[in-house]
Amino acid sequence: MRGIDKVILGSLITASMVGINYNISSADKIEQTTYITTNRLNMRKGPGTGYAKIGTLNQGEKVVAIEKSSDGKWVKIKYNSQEAWVSLDYLKKEETQSTTNEIKLNSNYKTTGNLNMRTGASTSYSRIATLPLGTVVTPTKISADGEWVQVKYNNQTGWISVKYIKLDETTAPIAPEEPSDKPDQTGKKYKTTGNLNMRKGPGTSYARITTLPMGTVVTPISFSTDGGWAQVKYNNQTGWISVKYIKLDETSTPITPEEPSDKPDEETQKFSGKYITTANLTLRKGPGQSYQGILTIPEGTKIEATEITLDENWLKVTYSGQTGWVNSDYLNEADTVDEEDTNPDYEVPSQALGDDFYTTSAVYFRVSDSSTSSLISQIPKNTKVTLIKFNSDASWAQVIYNNKTGWVLAYYLNDEPLGSSGSKDETSEDTGTYRQGTTKENLNLRKGPSTSYSVLVTIPKNSTVEVYEEQNGWVKVKYNSYTGYCSALYIK
């Protein structure tokens with residue numbers, strides 16, 4: 001038995017020696033070289049993944065290599081008083097520290113290109129923001145490999161590559177693609193030079209809030225640290241716009257896309273008016289198509305407005321207990337309609353049924369001959385309708401309007417259009433001389449020479465109108481069957 005034991009023990013010793021000789025022969029001594037880990041890296045007992053793990057190195061750790069495996073894929077390192085093997089794939093030689101030495105902490109540096117800022121000192125970390133070309137930053141830390149510096153930008157702290165920054169000798173921030181007419185201070189009025197997105201933050205990576213039309217006048221509240229974005233308020237919302245697309249407004253006169261001349265400086269104004277919907281109309285949470293719909297107001301519904309936007313395209317109303325905004329394109333004024341004001345001396349028109357009649361005022365168009373019946377729509381003043389029949393007491397007339405059949409109060413029908421012989425048109429044109437003009441923009445025609453008067457109709461851009469008298473910046477004009485007042489500034 002002892003002889004057998006000696007044979008076995010001798011075999012084990014021989015095998016162990018062979019293993020030791022193999023490991024030594026499979027590794028080469030090398031000149032001590034300093035490496036930096038490029039990722040988290042396992043340390044093992046031997047040059048291969050088959051060997052047991054004895055520890056882990058973090059990214060950016062410095063290690064000193066003393067041996068290399070014969071296949072060149074592993075190196076033996078000294079780390080914290082112990083020796084271990086690590087994969088050479090996740091190491092890079094420590095370069096001369098000229099780059100690190102060149103970085104001066106707490107000095108100003110300028111980006112030489114658009115540069116990603118990340119949560120850590122490597123491209124494997126997620127991106128926080130992008131610093132535009134020419135952004136000035138002040139490094140506060142340097143990574144272990146000297147390739148990254150920690151900076152603060154837009155109230156965020158992160159890491160950027162030193163390859164794309166250079167010392168800023170002037171220490172003066174330079175905004176990206178700085179325009180010649182870049183705003184120099186807050187408190188002044190600027191005008192947008194194109195349709196311009198307003199965003200939640202100073203950069204295109206932030207979500208869009210709304211779009212400012214070309215010619216909108218804004219007053220910057222503040223500017224971004226790089227000077228490339230201005231914080232402004234528009235339509236009761238605050239956001240950021242690019243300074244590339246605004247210029248100083250020398251006149252400081254607000255200009256908006258549609259009839260800016262007779263609007264106040266406020267973005268919305270108190271308003272009172274009664275209207276009727278001419279189509280099924282969405283009630284929205286804000287004054288614009290981008291706002292979420294609350295509910296649908298049926299066609300022919302009477303509503304009352306309490307507020308109006310500057311461009312007069314949106315009205316604030318309450319319907320079915322909900323308050324929101326509706327598009328004024330689908331409303332007709334109803335403040336001239338009064339179904340209670342009937343004339344007891346009214347006589348049935350002598351014309352035969354089937355003849356054409358004209359409304360003497362804006363009038364409700366209803367399903368049946370009762371003021372409590374459902375509305376179909378509203379018929380504008382001086383509109384031609386075709387008479388079908390009268391009800392039993394001739395107080396209501398059934399007519400055809402817009403290929404629909406309904407009922408209107410007969411009191412508001414006349415056998416001739418307003419302004420013709422035998423009838424009086426209270427808004428008819430002057431009998432004096434006039435000239436022809438053309439509207440420069442979409443332009444509101446009002447009942448009187450002031451924004452306090454209600455709107456009769458909106459005249460489209462490039463429309464021909466008859467111009468009569470001018471007073472205090474307003475002109476009296478006729479457009480189609482309407483006569484009223486509009487701003488003289490937008491008539492040529």
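Buried means under 20% relative accessible area, exposed over 50%, and partly exposed in between (1.4 Å probe, protein chains only). The structure is a predicted model, in which local features need pLDDT of at least 70 and side-chain atom pairs count only at pLDDT 80 or more, while totals for chains, interfaces and linings use all residues. Residues are numbered from 1 along each chain as its sequence is written, and side-chain values use heavy atoms, with hydrogens and water left out.

The structure holds five salt bridges, each a side-chain nitrogen of Lys or Arg within 4 Å of a carboxyl oxygen of Asp or Glu.

| Pair | N to O distance |
|---|---|
| K76 and E83 | 3.3 Å |
| K110 and D168 | 3.7 Å |
| D356 and K384 | 3.9 Å |

D356 lies in strand β31 (residues 356–359) and K384 in strand β34 (residues 384–390), so this pair ties together parts 28 residues apart in sequence; strands (E, at least two residues) are DSSP runs, numbered from the N terminus. D356 is partly exposed, with a relative accessible area of 33%, and K384 is also partly exposed, at 47%. K110 is buried at 15%, as is D168 at 4%. K76 is buried at 19%, whereas E83 is partly exposed at 43%. E67, K76 and E83 are linked in a network of salt bridges.

R118, in strand β9 (residues 115–118), is buried, with a relative accessible area of 16%. The side chain of R118 reaches the backbone oxygen of Y125 at 2.7 Å.

Notes
Helices (H or I, at least four residues) and strands (E, at least two) are DSSP runs, numbered from the N terminus. A polar contact is a pair of N or O atoms within 3.5 Å; within protein, one must be able to donate a hydrogen and the other to accept it, and residues adjacent in sequence count only if both atoms are side-chain atoms.
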